[in-house]
Amino acid sequence: MDTIQFDILTISGAILLIATFGIVATRGFMDWLNAYRYQSIVLSGVTAIIGYVTGIWEIYIAAGLTLVIKSIIIPKVLTYVTRKLEIEFKLETNPYVSIRASVIISALLVALSYFLIQQIPFKSDQIVNAYLPVSMAQFFIGLFVLVNRRTVLSQVVGLLIIENGLFLFAMALTHGVSLLIEIGIFVDILVGILISSILLFRISRTFDSLDVGKLENLRDD
Amino acid sequence: MLNMITIIIGLIQVLVILVLAPLLTGIIRKTKARTQKRIGASILQPYYDLLKLVRKDEVISDQTSWIFRACPWINFAAITTAAFFIPVFLAYTPFGLVGDLLLVIGLFALGRFFTMLAGLDVASSFGGLGSSREMMISALLEPALFLSIFVVAITYGGTNLSTLISASSNSSFLPHPQIIFAAIGLFIIILGETGRLPFDNPATHLELTMVHETMILEYSGKSLALMEWSQSIKQIILFTLMINIFVPWGISSSILLSTLAVGFLTFIGKISLFGIFVAFLESSVAKWRLFRIPDLIAIAIATSMIGIVLCYL
Amino acid sequence: MDTLISNLTILFLLLPPVVGACLVTVLKKKRVIGAITICTASLILIQVLFVVSRIISQKTITAFGNAFYVDSLSAVILLSISVVGFVAAIYSKNYMGRQYDNGTVDDKHIVRYYQGFNVFLLTMLVVPIANNLGVMWVMVEATTLVSVLLIMLYFKENAIEAAWKYLIIATVGLSFALIGTVFFYYANINTNPSEDAMNWTGMVHNAKLFDPNLVKIAFVFILVGFGTKAGLAPMHTWLPDAHSEAPTPVSAVLSGVLLNCAFYGIIRFHIVSSVAIGPGFSNQLLIILAVVSIVIAAASIYFQKDMKRMLAYSSVEHMGLISLGIGFGGLLGIYGAILQIINHALAKPLMFFASGTISQKYDAKAMSKITGIIKVMPITGILFLIGGLALVGMPPFNIFVSEFMILSSGFKSGQFVAVSIVILFLVVTFAVFLRHLIKMIFGDPSSEMKKSEMGKLAILPMAILGSLVVILGIYIPVQLQTLIQNASTVISNGGFA
């Protein structure tokens, strides 16, 4: 029984990783958004599994919130924003590290996160073993996407991946910090996305570009 | 006595592969035609093609050396030898004592090596072009292939195909997570190895896009028949490996007539379904630029690497 | 009865900014909303003074069950928020009015500004009084979001760029802090799974039982996370951009208070980790970051051409000094650090106000274009000079006292290498900062400058801060001394005074 449960846990974690790789391996913003949507749906499924295993009902609410906010509202908002942008954005053309190298770097990051998690003294727990490295890997890959890609849109996507990793981290390690705080975190994300959408409009209008490299007026020289 | 029976079954498995190979090609072509709203040739058409080619005369350029003439035979021999090590509907092959998965890959590499040489040997610009492209792709594919095979080998304990496939058929209904990653990696690699879209378009004769076809462009008659047949045998071998490693359900694990029959029927079903799936996939993607192909292979390498990491969980 | 009073105290602390934000949204009249914001800020100030007086007598206030917990340390931060909020509200009225006359902002912007200002005050007020560390994190993140909105008030390239960098860097940084918080929570529920586990009081109570390795990792995450928000180098890169491009009153609040709020988070976890594994580990990390901050700030100030950016780097330096004091430990060092929090919260807004007035007058931010302030605007010039001298740590101004305490505690605790590096770079900063300052204040103004001040409402907040800077340098009131004493005991004594 326990091994089957562990298999289910690890496989759902693996599917989550695949969804994360979907973002690293693709170039178009719409592809990212779709990958993010799948990732969030899987994440809410994973959360529900954690809820089932631990038997804490609050986690189901968190899973529902994840489903609604991250897989419906945020992608909708971002789709709307990109439609309305004055600059048409189709593909990320020249990231700092090429797509193929970044895919491999992400795989190394996954290995790194498994290694790191083994170094930290956790209580042996199936959920922790299965999901914690995955969440760390998401966190690292998010950071990597954030620094590697050149457009503002992809930085938003990087932030979203990081955030998903954090959510899974908290869920896996502590079976959810209390519901009130989670709702607070969700509100923070939502407001953050709204603000960054406004900023996206302004950047596209004042800089005539979505390239992060253009944002370099402020320097010490 | 038992040994005798297993050897006979082993031979039958080889025969099944050799005979069914053109049929699989036919199924894929038919499905592709249907998805493109064409009626398409009969699924037996590859057999007719082979028969027609065998009956025809051969034209050989006087600029070629023995390599050109020997290549089809070496290629065919290498790939047919590989077929001996593949469990098809029984999770065991008596010839597995002599060779394992790595030997199969080695034999494929040998065949490919001679095909590339033959492409260069005719001294036409097309052949050289095809060979250089093929070399680039295979040089990239090889490490990815080995990585994903390591994942499978570590999980199921060994590269011997008999132990590997019987271990996978005995494992639980849910595969290990690393196997999912290995499957993704291996699937991409198999598309590349068999020269399917988006790596290579097997149906084209445009000099800009073709890879495999350019190398065998100068062949005709019996040699061409051999080359084409070897190619479809290679394809069915790789597909069989894929389904037997990753979806081993239904494969017979004992030498009883009933289980063998079930194993054979499920094998036919699975391989046709897999062929249809590949055909659908081919209809939905376009061929990628040659220099974007490393992106795809990078994904295969990355997923296999994650698979290896998960092995040591 | 006592709990009722506590609940009401907290309620009246948080109510004014909420009501203020609502009133601003409803009324929308340019003249009225500035006055409303001044009212909210002064109500907050009064309420905070009341809270502080209660804290001095009874040391802690717990309200709404266990949701809010105020001790002397929180009271210090509350004090700095309320004072700076109050003067910034007064200054805002003048500054935004002038921006409106320039045509830089319109009615919509002004409404948005005052809404943001009130909400900003609210989020900052919750940070030091929330007992639940998760709520504290959510609120620190909320301060980021609100202040991004305030920075991007102007539709200017630089402001947008600064806002974007600030949003991305601060959010990523705080995600590290969340990981650290979750680690601490995990360490706590491993030993004591109770309702109280996420609360700071519960955490300090059980900290002795925590797994030491876990605490170390967790504290590193916390330090990187809140350190980013607190502007400790090398995570400070957003700070000069954001502080120089924000509207001046917001810059003052960002620099004077928001950094303290973030640093408050570090201090809280520093206490937990000191109880769990002894202060050595976190002290060492704090000292390293402090030294790096001071060195980088000194180098950046040397090359600086922009007035507000120079002040921003000076904030990095002072956050480094605070962290240095906490890291050196001992009652003297911690006392100095807390005094430094207050002193910096007084001197830095003064400088930002003065520089805002000056750059409005000269229509420039580059220091090379600003000369002869003392001849053009005598009062502002003198206040600017006072603030500048205070910032570099010149006696008899307030920062001298706290810096002296911090450095001597360093000698006392035997950290000679760190102290000598810091002193070396403080001297560099001193020289460079003064050179910049003197060039701007003295010298001859260009001929078309008319000699005039920028209005009483601009002078008043600067005068308040300036007099406080001078007074605190000579004499610290007994009540304040008791408060700081208690706060230092909270830090050095494992959370209880």
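Residues count from 1 along each chain as its sequence is written, and chains are lettered from A and ligands numbered from 1 in the order in which they are written. Because the model is predicted, local features need pLDDT of at least 70 and side-chain atom pairs count only at pLDDT 80 or more, while totals for chains, interfaces and linings use all residues.

On confidence, the predictor gives the complex an ipTM of 0.93 and a pTM of 0.87. Chain C has a mean pLDDT of 90, with 100% of its residues at 70 or more; pLDDT is the predictor's confidence in each residue, from 0 to 100.

**Chain contacts**

Here are two chain-to-chain contacts, where two residues are in contact if their C-beta atoms, placed from the backbone, lie within 7 Å.

| Contact | Residues from one chain | Residues from the other chain |
|---|---|---|
| Chain B with chain A | 15 residues from chain B | 19 residues from chain A |
| Chain A with chain C | 32 residues from chain A | 40 residues from chain C |

On the side of chain B that touches chain A, helix 7 (177–193) and helix 11 (293–311) of chain B each supply at least two residues. Helices here are DSSP runs of H or I with at least four residues, and strands are runs of E with at least two, numbered from the N terminus. Helix 11 of chain B has the largest share of that side, 10 residues. By class, the side of chain B that touches chain A has 13 nonpolar, one polar and one charged residues. The classes go like this: Ala, Val, Leu, Ile, Met, Phe, Trp, Tyr, Cys and Pro are nonpolar, Asp, Glu, Lys and Arg are charged, and the others, Gly among them, are polar.

Over on the side of chain A that touches chain C, helix 6 and helix 7 (179–207) of chain A are the elements giving two or more residues. Helix 7 of chain A gives the most, with 13 residues. This side of chain A splits into 20 nonpolar, eight polar and four charged residues.

**Inside chain C**

The axes of helix 3 (residues 72–102) and helix 10 (residues 248–277) of chain C come within 8 Å and cross at roughly 170°. That makes helix 3 of chain C roughly antiparallel to helix 10 of chain C. Axes are lines fitted to C-alpha atoms, for helices over the stretch in contact, with angles from 0 to 180 degrees between N-to-C directions. Angles under 35 degrees are roughly parallel, over 145 roughly antiparallel, 65 to 115 roughly perpendicular and the rest oblique. The contact of helix 3 with helix 10 of chain C divides into 14 nonpolar, six polar and no charged residues.

The largest nonpolar core has 371 residues, and Val76(C), Ile151(C) and Ala163(C) touch the most other members. Such a core is a set of buried Ala, Val, Leu, Ile, Met, Phe, Trp, Tyr and Cys residues joined through C-beta atoms within 7 Å. Helix 6 (residues 157–191) of chain C gives the most to this core, with 22 residues. Leaving out residues up to four places away in sequence, Ala163(C) touches Leu199(A), Val148(C), Ile151(C) and Met152(C).

**Two single residues**

Leu168(A) sits in helix 6 (residues 152–174) of chain A. Leu168(A) counts as buried because it has 25 C-beta neighbours inside 10 Å. The cut-offs, for C-beta atoms placed from the backbone, are 20 or more others within 10 Å for buried, 12 or fewer for exposed, and partly exposed in between. Leu168(A) and Ser135(A) are 33 residues apart in sequence and 5.6 Å apart in space, C-alpha to C-alpha.

Ser452(C) lies in the loop between helix 17 (416–441) and helix 18 (456–474) of chain C. Ser452(C) is exposed, with 9 other C-beta atoms within 10 Å.
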